[in-house]
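Subject: Structure handover

Hi,

Here is the structure I promised you. Please open it alongside this email.

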Amino acid sequence: MGWIADMTKGAALQQFFGQFMTAYATNAVPDDVTLPYLTYDAVFDAWGGGAVSLTVNMWFHTTSEAVPNAKALELSEALGIGGVTLPVDDGLIWLKRGSPFCQALADDTDKNLKRRYINVTAEFLCLN
């Protein structure tokens, strides 16, 4: 995947998470959304702010655990052991696996609604 260094933090996060499935910032999910999709916290910081937590939720409507598990694994593999850096306008965002990385959650009202609650850590190695 080709990253463009002249990119805002929000655009970089959207591009990264959008490679796995339709992605929305948690505060921008449309009312007419269709499954599957993922949401991510659009959290931003700058150099010196330390690591921040980003929550990613993957949503599926399926009777199987195979597809949700495969998508969570795909994200895990993309992050790799040491994380991945996303070029932004004035530096980098360093994304890494959080702990615990992934939790499988069920919905009490629909047993076929599956969710993967994923913890990602971000360090903003950029000026603003």
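Below is what I found, element by element.

A caveat before the details: this is a predicted model.

β3 covers residues 52–61. Eight of its ten residues are buried, so β3 is largely enclosed by the rest of the structure. It pairs with β2, antiparallel, through four bridges. Within the pairing of these strands, L38 stands opposite M58 of β3. β3 also runs antiparallel to β6, residues 113–126, and ten bridges join those two. There, T55 faces N119 of β6.

Next, the aromatics. How many aromatic pairs does the structure hold? Five. Take Y24 and Y37: the ring centres are 6.0 Å apart and the planes meet at 70°, so this pair is edge-to-face. It links distant parts of the chain, with Y24 in β1 (residues 23–25) and Y37 in β2 (residues 37–40), 13 residues apart. Y37 is buried, at 11% relative accessible area. Y37 also pairs with W59. Here the centres are 6.4 Å apart and the planes are at 20°, so the pair is stacked. This one links distant parts of the chain too: Y37 in β2 and W59 in β3 are 22 residues apart. Look as well at F16, F17, F20 and Y40, which form one aromatic cluster.

Now the core. The largest nonpolar core has 30 residues. Which of them touch the most other members? They are F16, F17, L38, L75, I93 and L95. L38 is worth a click. Leaving out residues up to four places away in sequence, L38 touches F17, F20, M21, T22, A23, Y24, V56, N57 and M58.

α1 has a buried side. K9, A12, L13, F16 and F17 are the buried residues to look at in this helix. They cover an arc of only 120° around the axis, which puts them on the same side of α1.

A lysine to check: is K114 buried or exposed? Its relative accessibility is 9%, under the 20% cut-off, so K114 counts as buried. K114 is in strand β6. Apart from neighbours within four places in sequence, K114 is in contact with M58, W59, F60, T62, T63, S64, E65, P68 and L105. One of these, W59, is the stacking partner of Y37. Another, M58, stands opposite L38.

Last, the cis peptide bonds. One joins L35 and P36, with omega about -5°. P36 sits in the loop between β1 and β2. Another runs from S99 to P100, with omega near -10°. P100 is in strand β5.

Best wishes

How values were computed
Residues are numbered from 1 along each chain as its sequence is written. This is a predicted model: local features need pLDDT of at least 70, side-chain atom pairs count only at pLDDT 80 or more; totals for chains, interfaces and linings use all residues. Side-chain values use heavy atoms; hydrogens and water are left out. Rings of Phe, Tyr and Trp (its six-membered ring) pair if their centres lie within 6.5 Å; planes under 30 degrees apart count as stacked, over 60 as edge-to-face and the rest as tilted. Buried means under 20% relative accessible area, exposed over 50%, partly exposed in between (1.4 Å probe, protein chains only). Two strands pair if DSSP finds at least two bridges between them. A nonpolar core is a set of buried Ala, Val, Leu, Ile, Met, Phe, Trp, Tyr and Cys residues joined through side-chain atoms within 4.5 Å. Contact means heavy atoms within 4.5 Å. The arc is that of the directions from the helix axis to the C-beta atoms.
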